[in-house]
Amino acid sequence: TTGDRKQAEEQYQKALAIAQKLVELDPTNAQWQMDLLKSHGKFGLFYRGEGQEAKALEEFMLCVPIFERILARFPDHYEWRVIANDVYSDIATSYKNLNDEVNAEAYRNKARKIAPNP
């Protein structure tokens, strides 16, 4: 229902605000950075589920500078490379859903390049 979706959005907003505050308190804490990234990712998936692909893309794009900073410090961290791969894949899907196949393919390629080796 509309009320449930609104309540879910409010809960995501609260989680995002907490994650942002923690990052402000200690910008060097990589785990808090990743928590912020995950909050943006959840918001992106929420908006996608609501049929708001452009807003979903905006949220996914906010993840990119976060994981770029973290992977610059921890380039071989397996879990964080998996998350970065997922973000690039979500961005590719958003572009595809917005009928922008050029950018969709560019982000699929980025996802393949950043995927961790098993």
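This is a predicted model: local features need pLDDT of at least 70, side-chain atom pairs count only at pLDDT 80 or more; totals for chains, interfaces and linings use all residues.
Start with helix 2, residues 30–49, and helix 3, residues 53–73. Their axes come within 8 Å and cross at roughly 160 degrees. An angle over 145 degrees counts as roughly antiparallel, so helix 2 is roughly antiparallel to helix 3. The crossing of helix 2 and helix 3 is left-handed.

The contact between the two helices can be followed residue by residue. On the side of helix 2, the residues involved include Met34, Leu37, His40, Gly41, Gly44 and Tyr47. On the side of helix 3, they include Glu53, Ala56, Glu59, Phe60, Cys63, Phe67 and Arg73. By type, the residues of this contact divide into 14 nonpolar, four polar and six charged.

Helix 3 can also be taken by itself. Helix 3 has 21 residues and spans 31 Å from its first C-alpha to its last, close to the 30 Å expected at 1.5 Å a residue. Its buried residues are Glu53, Ala56, Leu57, Glu59, Phe60, Cys63, Val64, Ile66, Phe67, Ile70 and Leu71. Helix 2 is among the elements that cover these buried residues, as are helix 4 (78–97) and helix 5 (101–114).

Serine 39 is in helix 2, and with a relative accessibility of 13% it counts as buried, because the cut-off is under 20%. Leaving aside residues up to four places away in sequence, serine 39 touches Ala15, Leu16 and Ala19.

Histidine 40 also lies in helix 2. At 6% relative accessibility, histidine 40 counts as buried. With residues up to four places away in sequence again left out, its contacts are Leu16, Gln20, Glu59, Leu62, Cys63 and Ile66. Leu16 is touched by serine 39 and by histidine 40. Histidine 40 and alanine 72 are 32 residues apart in sequence, and their C-alpha atoms are 20 Å apart in space.

The last stop is asparagine 99, which lies in the loop between helix 4 and helix 5. Asparagine 99 is exposed, with a relative accessible area of 74%. Its backbone deserves a look. Most residues other than glycine have a negative phi. Asparagine 99 is not a glycine, yet its phi is positive, at about 65 degrees.

Conventions:
Residues are numbered from 1 along each chain as its sequence is written. Side-chain values use heavy atoms; hydrogens and water are left out. Axes are lines fitted to C-alpha atoms, for helices over the stretch in contact, and angles run from 0 to 180 degrees between N-to-C directions. Helices (H or I, at least four residues) and strands (E, at least two) are DSSP runs, numbered from the N terminus. Angles under 35 degrees count as roughly parallel, over 145 as roughly antiparallel, 65 to 115 as roughly perpendicular and the rest as oblique. A crossing is left-handed if the near helix is turned anticlockwise from the far one by less than a right angle, and right-handed if clockwise. Contact means heavy atoms within 4.5 Å. Ala, Val, Leu, Ile, Met, Phe, Trp, Tyr, Cys and Pro count as nonpolar, Asp, Glu, Lys and Arg as charged, and the others, Gly among them, as polar. The expected span of a helix is 1.5 Å times one less than its number of residues. Buried means under 20% relative accessible area, exposed over 50%, partly exposed in between (1.4 Å probe, protein chains only).
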